[in-house]
Amino acid sequence: MSLREDALKLHFENKGKIEVISKVPVSSKEDLSLAYTPGVAEPCKEIAADPGKIYDYTAKGNMVAVVTNGTAVLGLGNIGAKAALPVMEGKAVLFKCFAGVDAFPICIDSTDIDTIVETVKLIEPVFGGINLEDIAAPSCFEIENRLKESLSIPVFHDDQHGTAIITLAALLNALKLVKKDINDITVVINGAGAAGVAIAKILLTAGVKDILLCDRQGIIYEGRKEGMNWAKEELAKVTNKEKRTGKLADAFVDADVFIGVSTANIVSKEMVKSMKKDPIIFAMANPVPEINPADAFEAGAKIVGTGRSDYPNQINNVLAFPGVFRGALDVMASDINDKMKLAAAYALADIIPYSELKEDYIIPKPFDPRVAPTVAKAVAVAAMECNIARKTVDPAEIEKRTVELVKKANSYFNK
């Protein structure tokens with residue numbers, strides 16, 4: 001069967017990918033009286049007297065809402081809230097299988113920012129964290145910012161920050177192999193949507209000083225009129241300090257790194273040849289990258305990464321978001337801030353010792369069992385150091401618990 005037929009068969013036969021399973025038995029009169037009435041009134045009264053006890057008596061502390069409006073789904077674009085549900089179910093599965101986090105899809109049938117923000121605010125009591133997903137730019141930036149300001153739980157837009165964390169981790173290890181300093185490189189980013197903007201921001205925070213951000217019109221610079229929005233204008237002030245102009249091909253000249261989060265087949269061999277020695281190419285457009293890896297290597301690329309699983313160096317968000325939320329939830333963090341994102345990226349990169357780094361192995365594989373526990377531990381430590389954790393936990397215990405939760409989550413399929 002084809003991939004299409006196999007995928008449709010899996011979703012049709014199972015009627016989706018998630019279900020709710022009770023943690024407690026309900027097989028006797030006594031069970032029923034404890035799990036529901038009259039016993040359930042007791043934790044209700046405790047929470048009513050002290051709202052903070054919701055974390056003690058409910059699943060809130062391990063529950064994440066996967067929120068979308070379906071306006072920027074994978075490579076499919078604006079397909080709407082209903083059609084986005086299979087992806088959000090899939091995200092919930094990954095949360096559970098990779099980090100033991102319970103997650104539930106929330107598909108909001110609206111493009112109105114006020115409606116989306118208000119909806120998420122109203123459902124906050126159920127969830128310990130909010131994972132925004134597949135919401136088009138620039139709306140996604142405003143939605144995230146407003147929710148961060150108004151909610152007391154972590155809000156994380158994975159298309160932005162998950163992608164940024166993995167990209168930085170891969171770049172850190174790639175730079176070790178080509179022996180270049182992050183402070184001295186020139187990076188070209190093509191795609192100024194959610195992922196591109198977040199990648200630019202995390203690279204600036206990590207020490208990159210020369211970034212050329214490009215969109216369909218070409219290089220973004222301060223004062224450009226065409227195709228700009230407030231997010232691009234904000235980044236134009238801190239990137240492209242020489243105010244270079246021109247098309248994507250012009251940006252490639254003498255660059256060290258190309259990061260593509262855009263569209264297929266827009267990078268030529270000639271563009272790669274115009275870069276500095278030992279260029280790094282992360283062509284992450286899905287399903288077809290900006291340049292075929294074979295062509296990139298033929299043109300002189302030293303290291304190539306993509307978003308695909310059938311090529312080496314897959315830059316995949318599943319390496320980040322499960323562990324990031326695991327760590328944030330375990331210390332009851334009120335936010336996921338820049339320090340926590342950097343901690344996740346450096347921890348992920350350091351999983352691979354320098355002695356094991358190779359041109360086709362700069363980032364751990366998605367099923368590497370070290371990933372989620374390592375990321376969760378690093379994120380939790382950063383949260384505690386930033387004083388945004390409402391709970392102090394031994395980092396070693398977080399690592400151990402993550403391993404146990406993943407094992408438990410996957411035991412269902414191994415029976």
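This is a short tour of a predicted model, stop by stop, with something to select at each one.

**Stop 1: a patch on the surface**

Start by selecting Val24, Val26, Leu32 and Tyr36. Together they make a nonpolar patch on the surface, with an accessible area of about 400 Å². To get your bearings, find Val26 in the loop that runs between helix H1 (3-14) and helix H2 (29-35). Tyr36 sits in another loop, the one between H2 and helix H3 (41-49).

**Stop 2: two annotated residues**

The UniProt annotation "active site", from an unreviewed entry, covers Tyr36 and Lys91. They are spread over 56 residues of sequence and also spread in space, up to 30.0 Å between C-alpha atoms.

Is Tyr36 buried or exposed? Its relative accessibility is 54%, so Tyr36 counts as exposed. Lys91, by contrast, is buried, because its relative accessible area is 8%, under the 20% cut-off for that label.

Now zoom in on Lys91, which belongs to helix H5 (residues 80-99). Which residues is Lys91 in contact with, leaving aside neighbours within four places in sequence? Show Val66, Asn131, Glu133, Asp158 and Phe321, and you have them. Hold on to Phe321 for the next stop.

**Stop 3: a cluster of rings**

The model has 6 aromatic pairs in its count. Select Phe95 and Phe321: their ring centres are 4.8 Å apart and their planes meet at 65°, so this pair is edge-to-face. Phe95 is part of helix H5 and Phe321 is part of helix H14 (residues 321-330), so the pair ties together parts that lie 226 residues apart in sequence. Both of these phenylalanines are buried.

Phe156 is buried, with a relative accessible area of 0%, and Phe325 is buried with a value of 0%. With all four shown, you can see Phe95, Phe156, Phe321 and Phe325 linked by ring pairs into a cluster.

**Stop 4**

Most peptide bonds are trans, and most residues other than glycine have a negative phi. The next selections depart from that pattern.

Go to Thr37 and Pro38, where the peptide bond is cis, with omega near 10°.

Then jump to Ala137 and Pro138, which are joined by a cis peptide bond with omega of about 0°. Pro138 is in the loop between strand S3 (129-132) and helix H7 (139-150).

While you are in that loop between S3 and H7, select Asp134. Asp134 has a positive phi of about 55°, although it is not a glycine. With 3% relative accessibility, Asp134 counts as buried.

Finish at Asn387, in the loop between helix H16 (371-385) and helix H17 (395-411). Asn387 is not a glycine, yet its phi is positive, near 60°.

Technical notes:
Residues are numbered from 1 along each chain as its sequence is written. This is a predicted model: local features need pLDDT of at least 70, side-chain atom pairs count only at pLDDT 80 or more; totals for chains, interfaces and linings use all residues. Side-chain values use heavy atoms; hydrogens and water are left out. Patches are made of residues with over 30% relative accessible area and no salt bridge: like charges are joined within 9 Å, nonpolar side chains (Val, Leu, Ile, Met, Phe, Trp, Tyr) within 5 Å. Accessible areas come from the Shrake-Rupley method with a 1.4 Å probe; for residues, only the protein chains shown count as cover. A salt bridge is a side-chain nitrogen of Lys or Arg within 4 Å of a carboxyl oxygen of Asp or Glu. Helices (H or I, at least four residues) and strands (E, at least two) are DSSP runs, numbered from the N terminus. UniProt positions are given in the numbering used here, feature names are shortened, and annotations may be inferred rather than shown by experiment. Buried means under 20% relative accessible area, exposed over 50%, partly exposed in between (1.4 Å probe, protein chains only). Contact means heavy atoms within 4.5 Å. Rings of Phe, Tyr and Trp (its six-membered ring) pair if their centres lie within 6.5 Å; planes under 30 degrees apart count as stacked, over 60 as edge-to-face and the rest as tilted.
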